[in-house]
Amino acid sequence: MSKQDTWLTTTATPEETERLARVVACSLRLPLVLGLSGTLGAGKTCFVRGLAKAWGGTGEEVTSPTFTLWQTYETAPAIHHLDVYRLSSEDEFWELGVEDCMDGPDLVVVEWADKYASVFPDDTLWIDVQIEESGERVWRFRGGGDRKSTRLNSSHRCISYAVFCLKKK
């Protein structure tokens with residue numbers, strides 16, 4: 001597949017953002033790297049909280065790893081949650097020791113991933129969130145390679161329909 005598949009959805013509240021993440025979590029096939037980007041305060045960590053809840057966590061364990069840089073949540077499967085906002089180089093990124101988790105069986109979610117996009121696998125699933133003037137969040141999902149792009153495309157209708165149903169409640 002030569003083109004990158006992209007789809008959009010919106011959320012209006014933190015609860016909707018968590019529900020979106022729970023729906024997305026059900027369609028993911030691991031191992032997988034998610035690259036999160038977006039405005040400060042847009043809901044990146046809230047999205048990760050929803051992923052953790054989908055996989056057996058309480059959500060209370062999820063906080064922004066801005067100062068710790070990396071947290072692992074003992075969900076099933078495990079989630080490695082990184083925040084690279086404060087890093088100043090690709091070398092610092094690799095010094096965290098992320099090679100093993102990026103090649104492992106779990107989900108790796110990196111906030112501010114667009115800062116170092118070149119270090120991520122070609123098949124990273126990219127998620128960008130922006131805040132509209134209305135306060136709604138616009139989520140843009142983009143597959144990065146043949147394998148993940150195909151996965152995103154095959155899950156698109158399922159996720160879109162589930163999000164539509166969630167908004168109707």
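This is a predicted model: local features need pLDDT of at least 70, side-chain atom pairs count only at pLDDT 80 or more; totals for chains, interfaces and linings use all residues.
Strands, like helices, are taken here as DSSP runs and numbered from the N terminus. With that numbering, Y116 sits in the loop that links β5 to β6.

Seven strands form an open sheet in the order β1-β7-β6-β2-β5-β4-β3, and their pairing is mixed. At the edges are β1 (6–11) and β3 (70–73), each of which pairs on one side only. From one strand to the next the twist averages 20°.

Helix α1 (residues 14–27) lies across β1 and β7 and runs at about 145° to β1. Helix α2 (residues 44–54) packs on the sheet and touches β2 (32–38), β3, β4 (79–83), β5 (107–111), β6 (125–131) and β7. The direction of α2 makes about 150° with that of β2.

How many of the eleven residues of α2 are buried? Eight are, so the helix is largely enclosed by the rest of the structure. The buried residues of α2 are K44, T45, C46, F47, V48, G50, L51 and A52. Just after the helix, G56 takes a positive phi of about 95°.

In soluble globular proteins, nonpolar side chains tend to be buried together. In this model the largest nonpolar core has 25 residues, and those with the most contacts inside it are L28, L34, F47, L51 and L107. At least two residues of this core come from each of α1, β2, α2, β5, β6 and β7. Leaving aside residues up to four places away in sequence, L107 touches L28, L30, L32, L34, L51, W55, A78, I79 and H80. Another core, of 17 residues, lies apart from the largest one; V33, L87, V110 and Y116 are among its members.

Y116 brings the account back to the loop between β5 and β6. Is Y116 buried or exposed? Its relative accessible area is 8%, which is under the 20% cut-off, so Y116 counts as buried. Beyond residues up to four places away in sequence, Y116 touches V84, L87, S88, S89 and E90. S88 is 28 residues from Y116 along the chain, and the C-alpha atoms of the two are separated by 9.7 Å.

W112 is found in the loop between β5 and β6 as well. At 14% relative accessibility, W112 also counts as buried. The backbone at W112 has a positive phi, near 65°, in a residue other than glycine.

Most residues other than glycine have a negative phi, and most peptide bonds are trans. One joins L30 and P31, with omega about 0°, and P31 is in the loop between α1 and β2. Another joins A76 and P77, with omega about 5°; P77 lies in the loop between β3 and β4.

Notes. Residues are numbered from 1 along each chain as its sequence is written. Side-chain values use heavy atoms; hydrogens and water are left out. Two strands pair if DSSP finds at least two bridges between them. Helices (H or I, at least four residues) and strands (E, at least two) are DSSP runs, numbered from the N terminus. Axes are lines fitted to C-alpha atoms, for helices over the stretch in contact, and angles run from 0 to 180 degrees between N-to-C directions. Contact means heavy atoms within 4.5 Å. Buried means under 20% relative accessible area, exposed over 50%, partly exposed in between (1.4 Å probe, protein chains only). A nonpolar core is a set of buried Ala, Val, Leu, Ile, Met, Phe, Trp, Tyr and Cys residues joined through side-chain atoms within 4.5 Å.
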